[in-house]
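Okay, thanks for coming, everyone. I'd like to walk you through one structure today, so let me put it up on the screen.

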Amino acid sequence: MTSPEFNGRPVLQEQVEAIRTRFSIGYSESVDVDELARQLGIEVTYEDTDGYLGCLIQHPNGIFIIVSQNRQSRARQRFTLAHEIGHYLLHTTRDSDQTVVTFDDEETLTLVVDSGKEQAANDFARALLVPTQAFEQVQLGPINLALIADVARRYEVTHAAATVRYLEVVNPRAVVVRLDGSSVHDRFRSRAGHRLVVPADILVNYLASFDHSAYDVLTLVPLPELPRYSLRICHLGRDYFLVESTQENASDPTRAL
């Protein structure tokens with residue numbers, strides 16, 4: 001299988017594979033990200049934080065990562081640590097004595113300086129935590145939610161992270177969206193889903209009725225009042241939803257939308 005692309009950008013698969021080879025990381029079980037950080041010479045601490053999920057500090061005395069322990073589940077902590085390791089490997093200068101601090105706040109994005117670097121770090125984290133092999137035998141068809149749940153459990157990631165990785169590797173006609181007040185925003189589209197139309201004006205009030213305090217779920221959303229829309233929707237937790245086209249005519253994914 002050729003390396004998948006992430007939102008139209010080539011995946012950093014070579015760097016991830018180099019890390020797996022260097023540190024003898026297998027493909028059938030979850031990555032020990034704390035041990036990986038230690039072997040990279042990074043000191044990791046878990047602290048209660050306010051306003052950010054993870055912080056990378058490059059300092060003459062060493063490399064440090066702080067991971068929020070009060071604002072995210074253990075699966076999300078693992079992703080945050082992998083994300084910050086991605087920043088270290090991709091975006092820092094090893095021989096610099098300069099202090100570099102990178103924050104990642106998924107909720108407000110107020111501290112994100114370079115969204116391209118943030119996306120690259122997310123791409124790295126997903127590729128590291130969930131190898132392509134987890135989905136490479138999947139055939140195109142309705143998204144296999146049971147497999148996504150199994151992969152999330154086996155590799156200790158959130159259902160949202162496993163879902164996005166599924167979209168990257170399998171490439172169904174689907175998009176992950178986030179409900180933000182009266183708007184629906186794209187968070188990730190598969191390549192095949194780039195033309196998928198999401199009826200935001202119809203969905204927004206309906207989706208708002210779901211329990212957005214639930215952090216990590218995988219719940220199908222019934223759409224009895226939308227019979228003309230060939231969609232399947234799954235709640236991924238909080239404000240995140242998977243929207244999948246169920247049309248059989250793959251040549252025109254917007255035909256009935």
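This is a predicted model: local features need pLDDT of at least 70, side-chain atom pairs count only at pLDDT 80 or more; totals for chains, interfaces and linings use all residues.

The relative accessible area of Asn171 is 18%, and the cut-off for buried is under 20%, so Asn171 counts as buried. You'll find Asn171 in the loop that runs between α6 (159-170) and β7 (174-180).

Now, the backbone there. Most residues other than glycine have a negative phi. Asn171 isn't a glycine, yet its phi is positive, at about 65°. Arg238 does this too: a positive phi of about 50°, and again no glycine. Arg238 sits in the loop between β10 (231-237) and β11 (240-245). And with a relative accessibility of 18%, Arg238 is buried.

Okay, on to the core. Which residues in the largest nonpolar core touch the most other members? That would be Ile85, Phe135 and Leu242, out of 51 residues in that core. Helix α6 gives the largest share, with 7 residues. There's also a second, separate core of 15 residues, and among them are Val184, Val198, Leu203 and Leu207.

Leaving aside residues up to four places away in sequence, its contacts include Ile143, Leu145, Thr163, Leu167 and Val176. Arg232, Ile233, Cys234 and Leu236 are also on the list for Leu242.

Last topic, the aromatics. How many aromatic pairs do we count? The count is 2. One of them is Phe135 with Tyr166, an edge-to-face pair with 5.1 Å centre to centre and 70° between the planes. Phe135 is in the loop between α4 (115-129) and α5 (145-155), while Tyr166 is in helix α6, so this pair ties together parts that are 31 residues apart in sequence. Both Phe135 and Tyr166 are buried.

Then there's Phe210 with Phe241. Why do we call that pair edge-to-face? Well, the planes are at 80°, and anything over 60 counts as edge-to-face; the ring centres are 6.0 Å apart. Phe241 has a relative accessible area of 0%, so Phe241 is buried.

Happy to go back to any of it.

Terms used. Residues are numbered from 1 along each chain as its sequence is written. Side-chain values use heavy atoms; hydrogens and water are left out. Helices (H or I, at least four residues) and strands (E, at least two) are DSSP runs, numbered from the N terminus. Buried means under 20% relative accessible area, exposed over 50%, partly exposed in between (1.4 Å probe, protein chains only). A nonpolar core is a set of buried Ala, Val, Leu, Ile, Met, Phe, Trp, Tyr and Cys residues joined through side-chain atoms within 4.5 Å. Contact means heavy atoms within 4.5 Å. Rings of Phe, Tyr and Trp (its six-membered ring) pair if their centres lie within 6.5 Å; planes under 30 degrees apart count as stacked, over 60 as edge-to-face and the rest as tilted.
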